[in-house]
Amino acid sequence: MIAAEPLFRAEGLSKRYGGVVALDRADLEVHPGRIHAILGENGAGKSTLIKLMVGVVAPDEGRMTLGGREVAFASPSAANDAGIVCIFQELSLIPDLSVADNIMISHPPTRLGMIDRRAQRRIAEEALHRAGAGDIHPRALVRDLPLSRRQMVEIAKALARQPKILILDEATSALTASDVTKVFEVLKRLRSEGLALLYISHRMHEIAELADDCSVFRNGRRISTFAAGTRTDAEVIELMIGREYKHVFPDKPARKPDGRPPALQCKKLRWGDRLKDISFSLHAGEIIGLGGLDGQGQRELLLALFGVLRDTSGDILIDGDKAAIDSPVAAKSERIGLALIPEDRKTEGLMLPMSVRDNLSAAAFDRFARFGIIDRQRQSALIDEMIRLIEIKTASPDLPVSALSGGNQQKVVIAKWLMNKPRIILLNDPTRGIDVGTKQEIYRLLRRLADEGAAVLLYSTDYDELIGCCDRVLVMYDGAVRRELAGAEITERALVSSALNVDDGELAEASLT
Amino acid sequence: MTEWRYWLAEQRGTLLAIGIFVAMFLIYATNHPAGFSANMVQTASNKATLLAFVAMAQAIVVITAGIDLSVGMILTLTNCLASWIVVGTATETALGVVGVLGTGILCGMINGAIVIFGRLQPIVTTIATGAMYYGVALMLRPNPGGAVNETLADALTGRLFGVLPTSLVALAATAVLIWVPYSCSVIGRAAFATGSSEVAAYMSGAPIRAAKFMAYTLAGLLSAIGGLFLTFFSYTGEAAYASGNAYTLFSIAAVVLGGVSLMGGRGSAIGAIFGALAFRTIGDLLFVFDFDPLWQPLFQGIVLMLAVSIGAFGLLRVRNRLEWFG
Amino acid sequence: MSDATATRPASRGAGMLRRIDPAVAASFGCIVLLLLVGSLYSRSFLSPDYLLQQLKVASFLGVIATGMMLVILLGQIDLSVPWVVTSGAMMACAAAAHGTTGAILAIPCGILCGAAIGLLNGIGVAYLRIPSMIITLATNAVAQGLMVAYTGGFAPQDSASKAMRYLATGNAVPGLPNAVLAWAIIGGAAIWLLSRTTFGRAIYAIGNRERAAYLSGIDTRRITMLAFALSGALSAFGGVLLAGYASKAAQSMGDAYLLPSIAAVVLGGTHILGGRGSYLGTIAGVILITLLQSILSVMQISEAGRQLIYGAVIILMLLIYGRQKA
């Protein structure tokens with residue numbers, strides 16, 4: 001396909017986080033003067049690959065060569081110096097410094113040891129122009145710029161480093177349509193200047209317009225590389241989904257409407273521009289999934305329901321009655337009965353150095369304390385029961401929870417809320433980074449809870465999970481519910497295409513932003 | 001045309017501090033019973049300069065999102081040291097000054113080394129080192145006393161051309177010679193970057209450790225200059241615990257009034273200087289309006305309290321309560 | 001992190017060892033060491049009378065350090081101790097001057113004043129999210145201002161009530177000073193509070209990970225506020241005891257308690273960033289600090305040397321135990 005010697009080559013790169021394989025013997029070749037698109041579902045290993053390429057983390061196995069020589073980067077700045085520069089999804093700009101300062105932060109021009117402001121400004125202006133953002137003033141403070149402008153500064157900052165390989169990780173996700181057009185022009189020009197570009201995006205039409213080569217990743221491995229335009233969008237999506245190991249999911253019982261009001265109902269829930277008029281009903285005994293790409297407002301929706309976000313508008317109804325939930329304290333109250341299994345178990349779900357006992361107790365003091373005084377016997381009885389019920393493998397409830405395996409830690413997070421006997425359970429990607437066995441246990445547990453009358457709202461980045469577990473799925477895109485799928489409609493094809501905001505029928509059709 | 005707007009945005013905090021100071025000073029000067037005179041300015045500026053030096057020191061550390069609670073004690077220590085060694089012939093005096101400043105730098109370097117390489121919290125570190133510095137000060141001067149080269153002292157606390165207080169000139173010179181080059185240097189830039197967002201600074205390859213170390217070191221130096229001037233004003237050295245603590249405390253107030261963000265990344269030492277001048281003027285206003293001087297500490301405490309509460313208004317804008325937890 | 005290691009039955013011996021914090025063990029070891037060193041200097045060092053006297057002196061610090069510990073467990077710090085101690089003492093003495101009613105209300109009055117200042121700290125930290133270090137410095141200044149304004153800057157003439165003196169110097173149980181008894185009761189209450197109440201467990205939870213505690217539906221703000229109020233009340237009670245001991249209050253009587261109270265808590269193995277620590281450790285820390293002071297004075301080391309050694313010991317212990325996570 002491409003004859004010339006690649007500029008960059010990765011061979012057999014692997015990376016594990018704990019027991020989870022993020023990247024599994026992945027290969028990649030990058031050629032100068034070409035735009036190479038990387039495709040894959042959430043967790044396919046794309047981000048890990050990039051982190052390895054720019055020295056954020058070190059590979060467990062494998063080697064990388066740049067211009068024929070083997071390289072290993074100790075830090076992002078080492079990779080930058082070698083000519084590999086990445087524009088990350090999370091911005092790396094310093095809010096309190098000016099645009100020019102930010103662009104030149106790593107290698108400012110100096111005179112007599114001082115920063116040569118005039119030269120710095122000239123270079124910054126040049127870089128902004130090259131990035132197609134000449135309208136941004138180099139003296140403006142980054143904190144005063146809107147998100148889309150900041151992204152343009154990021155691009156200028158990357159260009160000012162004179163990269164050989166420029167990596168864009170979802171770099172257009174925050175941009176306005178006109179900025180996207182500009183960025184595309186810039187990228188095409190850079191390509192003609194001989195730069196190698198790696199482009200990661202979920203937007204199919206962007207890839208069709210921009211890329212020369214495409215590589216599809218799945219489960220930490222590169223599945224296929226082909227010239228852009230040689231496959232249809234449908235074929236590409238098939239490649240991304242793949243046919244792989246299937247989880248065994250518990251049966252979904254047919255739910256009969258019982259005429260009772262929904263346990264949780266949302267009416268036109270809004271929060272700034274991150275949640276847009278979200279409405280849905282969740283009944284007791286039902287598991288609803290939240291789908292879509294990562295970061296489309298799913299996390300915000302769960303937080304809003306749990307009373308963490310301020311200035312939300314719209315109504316939340318519990319059992320048909322309007323409820324004002326302004327804090328997690330209110331959310332877990334007897335009357336409302338919400339529970340939230342948060343996104344990050346290490347910083348949001350657990351107090352890692354504390355014991356299993358303390359962690360299990362944290363959300364359910366009322367179950368065993370009277371006037372704030374803990375009834376030790378009652379506490380121990382409840383905790384022992386819960387450890388048995390959820391099958392948490394720990395030698396003693398007094399062990400610190402940090403000594404447990406990841407899967408058991410996640411069970412503690414869930415069990416801690418079950419201690420409180422919640423009626424509505426919100427889960428934010430509860431099986432991310434967890435071994436298969438524990439995943440299955442969690443699926444069975446969720447179904448059992450639903451059967452016992454709980455209402456479950458499950459956000460998951462794993463499509464299999466949504467298909468296998470959920471009675472209905474709400475697919476979110478850009479802060480709104482893009483599509484609701486029920487029963488047999490919940491297929492990978494439907495989930496992926498609506499997540500990408502592409503029409504199911506004609507995948508090629510797409511709307512900008 | 002729009003150029004000045006960006007300048008304004010950059011200097012917002014500093015300009016505000018200057019504004020507050022000018023307003024306070026005008027109220028002070030127009031109501032002063034003796035009227036506006038060179039003498040009055042000299043007295044006022046001598047008092048305020050000391051705090052201004054310490055405030056600059058504090059500002060430089062606070063900009064990196066740290067804090068130095070030992071600045072007052074470094075001032076006390078160097079005051080006691082100066083009352084021993086800044087005496088005698090011109091050469092001896094000069095060597096003495098170098099010794100005093102070197103001691104300040106050393107104190108700052110100790111703070112920096114413990115915070116950066118020992119990875120201890122700046123608060124506890126500087127409280128503890130502050131106690132040590134005070135211990136040394138007390139060893140040097142168990143009782144108030146000592147002397148200073150009076151020619152030098154008078155020259156630096158008097159007036160230039162009969163009008164301009166020399167202490168103010170010295171303050172301005174320090175700002176120009178230390179703050180300006182620092183803030184324009186690569187390290188100074190890195191200090192701002194570190195204070196604003198340490199993660200982004202790391203991702204961008206800024207020299208974080210060097211910047212922090214430099215900040216604590218400069219804070220030591222500036223506190224020592226403050227200690228030197230204290231000796232010039234008082235002609236003696238005194239290991240006064242309460243006064244050392246007060247300087248530390250007021251330096252934080254001055255920094256806040258001077259538009260330096262306690263979260264780091266924003267502000268300037270110039271702002272802190274004017275914050276210090278304004279803080280001193282506020283204290284003096286009480287005399288002008290014939291309040292009992294006994295109310296002065298309370299008044300200063302309340303001003304400090306209000307100043308630190310201003311930052312809390314930012315909370316009203318937080319829409320995701322998880323942001324409370326950083 | 002595998003299941004195998006977690007499920008392996010822990011032997012009884014290992015369990016015991018795990019329960020004893022190495023920092024607490026180290027502090028008790030240091031206490032024994034200090035007693036041995038002290039006994040080399042003076043034979044009376046190991047006499048029951050002397051030890052009881054030390055325990056009595058320690059109990060003042062112990063009461064104050066209890067409040068400090070609550071706040072440090074939260075991951076915060078209370079720098080308002082000096083003037084809260086003084087306010088408690090002065091207000092109690094002031095109340096005592098108002099006849100019989102005053103004498104009865106003296107102790108509660110002092111404690112309430114401290115609780116009020118503590119509440120102010122708590123509101124600032126919990127609801128306005130001002131860094132605790134800053135807001136407590138500010139309230140310290142306000143408390144100082146109030147006291148200076150109240151006393152006129154001189155040592156107040158009011159003397160402690162009989163009850164205060166009895167509490168600090170009497171012996172309700174023969175052979176056991178009341179001050180020690182008071183500390184024992186407060187210490188017992190603290191142990192109970194920290195281990196058996198939801199308030200105590202929530203303090204640990206917040207100190208470990210405030211975000212997780214908040215998402216667990218713990219009212220983190222109210223708990224933080226209450227902990228600061230308690231800290232203020234305990235500091236003030238310490239002041240009441242001190243005033244009873246000296247039969248009157250004095251201007252800067254609280255200054256000597258800030259650093260030692262932080263040191264005692266931290267040396268006792270409580271993590272300076274919060275979330276970890278036992279009251280047993282704080283007891284050890286308090287006794288350690290008191291003995292250290294006593295030995296330094298037996299060895300005729302000056303106040304200067306004491307300050308130096310304090311600072312150095314704290315830094316050293318922190319470098320061993322209290323590292324920030326890299």
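Visitor: How many helices and strands are in chain A?
Guide: This is a predicted model, and in it chain A has 17 helices and 24 strands.

Visitor: What share of the contacts comes from residues 24 or more positions apart?
Guide: For chain A it is 68% of the contacts with a separation of 6 or more.

Visitor: Which domains does the assignment give for chain A?
Guide: Domain 1 covers 8-241, domain 2 covers 264-337 + 422-512, and domain 3 covers 351-415.

Visitor: How far apart are the centres of domains 2 and 3?
Guide: Their C-alpha centres in chain A lie 27 Å apart. Eight residues from domain 2 of chain A and eight residues from domain 3 of chain A make up the contact. On the domain 2 side, the residues touching domain 3 are three nonpolar, two polar and three charged.

Visitor: Strands next. Which way do S13 and S14 of chain A run, parallel or antiparallel?
Guide: Antiparallel: strand S13 (residues 264-271) and strand S14 (residues 275-282) of chain A are joined by five bridges. Cys266(A) stands opposite Phe280(A) in S14(A).

Visitor: What sits between S13(A) and S14(A)?
Guide: Three residues, as the two strands form a hairpin. In the turn, Gly272(A) has a positive phi of about 50 degrees.

Visitor: Which residue in S16(A) stands opposite Leu264(A)?
Guide: Ile318(A). S13(A) pairs with strand S16 (residues 313-318) of chain A in the antiparallel sense, again over five bridges.

Visitor: Now helix H9 of chain A. Why is it largely enclosed by the rest of the structure?
Guide: Because seven of the eight residues in H9(A), residues 298-305, are buried.

Visitor: Which ones are buried?
Guide: Gln298(A), Glu300(A), Leu301(A), Leu302(A), Leu303(A), Ala304(A) and Leu305(A). Just after H9(A) comes Gly307(A), with a positive phi of about 80 degrees.

Visitor: Over to the interfaces. How many residues of chain A are in contact with chain B?
Guide: 29 residues of chain A, in contact with 25 residues of chain B.

Visitor: Which elements of chain A give two or more residues to that side?
Guide: Helix H2 (76-82) and strand S8 (114-115) of chain A. H2(A) gives the largest share of the side of chain A that touches chain B, three residues. By class, that side has 14 nonpolar, nine polar and six charged residues.

Visitor: And how many residues do chains C and B put into their contact?
Guide: 45 residues from chain C and 43 residues from chain B. On the chain C side, helix H7 (132-151), helix H11 (210-215), helix H13 (258-267) and helix H15 (303-321) each supply at least two residues. The side of chain C that touches chain B divides into 28 nonpolar, 11 polar and six charged residues.

Visitor: Last one, in chain B. Where is Glu92(B)?
Guide: In helix H5 (residues 90-116) of chain B.

Visitor: Why does Glu92(B) count as partly exposed?
Guide: Because Glu92(B) has 13 C-beta neighbours inside 10 Å, and the partly exposed class lies between the exposed limit of 12 or fewer and the buried limit of 20 or more.

Visitor: How far apart in space are Glu92(B) and Asn149(B)?
Guide: 9.7 Å, C-alpha to C-alpha, although Glu92(B) and Asn149(B) are 57 residues apart in sequence.

Notes:
Residues are numbered from 1 along each chain as its sequence is written. Chains are lettered from A and ligands numbered from 1 in the order in which they are written. This is a predicted model: local features need pLDDT of at least 70, side-chain atom pairs count only at pLDDT 80 or more; totals for chains, interfaces and linings use all residues. Two residues are in contact if their C-beta atoms, placed from the backbone, lie within 7 Å. Helices (H or I, at least four residues) and strands (E, at least two) are DSSP runs, numbered from the N terminus. Ala, Val, Leu, Ile, Met, Phe, Trp, Tyr, Cys and Pro count as nonpolar, Asp, Glu, Lys and Arg as charged, and the others, Gly among them, as polar. Domain bounds come from an automatic or database domain assignment. Two strands pair if DSSP finds at least two bridges between them.
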